[in-house]
Amino acid sequence: MSAEDAIEKTPVTIVTGFLGAGKTTLVNHILRGQHGLQIAVIENEFGAVSIDDALVSENIKEKEDIISMDNGCVCCTVRGDLVRALLTLKDREKKFDAVIIETTGLADPAPVAFTFFINPEIAEHYRIDSILCLADAKHVAMHMEEEKPDGAVNEAVQQVAFADRILLNKIDLVNEEEIATLEKTIRSVNASADVIKTQNSVVDLGVVLGVNSFSLEKTLETDPSFLDENKENKHNLTGVSSVGIAVEGELDFAAMNEFMMNLLQANATNMYRSKGVLCFEGQGDAKFVFQGVHEQINFGPSASTWAEGEPRVNRMVFIGRNLDRKALEAGFRGCLATK
Ligand SMILES: Nc1nc2c(ncn2[C@@H]2O[C@H](COP(=O)(O)OP(=O)(O)OP(=O)(O)O)[C@@H](O)[C@H]2O)c(=O)[nH]1
């Protein structure tokens with residue numbers, strides 16, 4: 001690629017990393033930054049009830065600048081949607097300085113990156129600036145060690161392997177010794193990426209935008225069949241599912257608290273991720289956000305409120321292994337203040 005090409009094409013940052021590692025937090029950090037750039041965001045979520053667009057849109061001025069692709073999972077099926085989203089942005093009158101794609105935490109980033117090489121129209125207008133991987137210092141080792149059936153891709157390993165920049169995030173949750181071990185584990189899978197330690201995904205924007213650090217050569221070293229269109233995609237998410245629940249009404253605070261506490265205590269290992277946008281009785285217009293990553297939770301009012309006339313729909317998503325949809329639905333509905 002010539003230097004001219006690099007300047008003319010819109011740079012795309014692919015943000016990967018396992019469920020709950022801090023991808024949305026990073027996207028928000030970038031959007032809030034003082035960079036004067038027009039940035040479009042493409043969100044891909046695993047599951048039918050989307051939450052991330054709500055969490056990101058608080059920081060984006062025009063709602064059309066965020067495209068949500070909540071088409072279930074993921075890389076194997078995502079490419080058609082991704083192509084459409086990128087072409088839609090290209091055809092808009094407004095020109096973007098950068099595009100950020102937040103992939104689902106269960107995505108193998110290779111097919112997402114592949115899209116930029118295989119589709120001529122996309123290849124003509126976009127270039128991958130970098131593939132950033134958020135690694136959750138508390139949980140990444142556990143997910144990387146997980147054995148997959150039948151030689152299927154371990155997406156946590158794949159995400160680390162494919163990145164050219166790794167943000168080792170949530171360093172507040174581990175000690176120095178654990179960080180050193182993690183760095184070794186990461187290096188054993190990816191020796192060439194820069195590893196940057198972060199808390200709440202806070203990083204200098206110069207380190208994550210306009211870095212031009214993606215290298216096709218390096219990617220081909222990681223995966224020699226990267227550009228092989230017919231390769232078999234052994235991305236197997238056996239037993240992992242997403243349960244999305246939307247219930248209109250006001251929740252009872254104590255009931256919700258008890259439901260979530262019991263649920264996460266009993267299922268901390270299997271419950272990779274839980275998140276929701278919620279409405280509580282007696283809290284006026286306050287919109288609450290629930291964030292869970294295994295047993296780690298964050299809960300509090302969001303920056304935005306329920307607008308006048310906006311239906312008070314509580315949306316909750318659970319992602320994990322062997323989830324019991326019926327029990328989750330019944331449990332969540334049971335938290336409504338007025339049944
Ligand atoms: N303690 C701690 N929590 C963090 C840090 N960074 C992010 N979080 C919290 O971790 C939770 C998940 O963060 P997100 O940014 O939503 O993670 P994500 O990777 O976008 O999650 P998915 O889109 O579901 O895969 C949120 O509650 C964040 O506030 C950190 O450095 N330390």
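Two residues count as being in contact if their C-beta atoms, placed from the backbone, lie within 7 Å. Keep that in mind as you look at this predicted model. In helix 5, the residues Pro109, Ala110 and Ala113 meet Gln158, Gln159 and Phe162 of helix 8. Sorted by class, this contact has four nonpolar residues, two polar ones and no charged ones.

How are the two helices arranged? Two packed helices are described by the angle between their axes and the distance between those axes. Here, the axes of helix 5 (residues 109-118) and helix 8 (residues 155-162) come within 9 Å and cross at roughly 45°. Helix 5 and helix 8 are therefore oblique to each other.

## Around the ligand

Now let's turn to the ligand. There are 23 residues around it, and Lys23, Thr24, Thr25, Gly105 and Gln291 come nearest. Helix 2 (23-32), strand 9 (271-278) and strand 10 (286-293) are the elements that each give two or more residues to this shell. Helix 2 has the largest share, with three residues.

What kinds of residues make up the shell? By class, it has twelve polar, six charged and five nonpolar residues.

## The annotated stretch

An unreviewed UniProt entry carries the annotation "domain: CobW C-terminal" for residues 240-336. Over residues 240-336, the chain is 45% strand and 25% helix. The end C-alpha atoms of that stretch are 27 Å apart.

Methods:
Residues numbered from 1 in each chain as written. Predicted model: local features only at pLDDT ≥ 70, side-chain atom pairs only at ≥ 80, totals over all residues. Axes fitted to C-alpha atoms, helices over the stretch in contact; angles between N-to-C directions. Helix = DSSP H or I, 4+ residues; strand = E, 2+ residues; numbered from the N terminus. Parallel < 35°, antiparallel > 145°, perpendicular 65-115°, else oblique. Nonpolar A, V, L, I, M, F, W, Y, C, P; charged D, E, K, R; others polar. Near = placed C-beta within 6 Å. UniProt positions renumbered as here; feature names shortened; annotations may be inferred.
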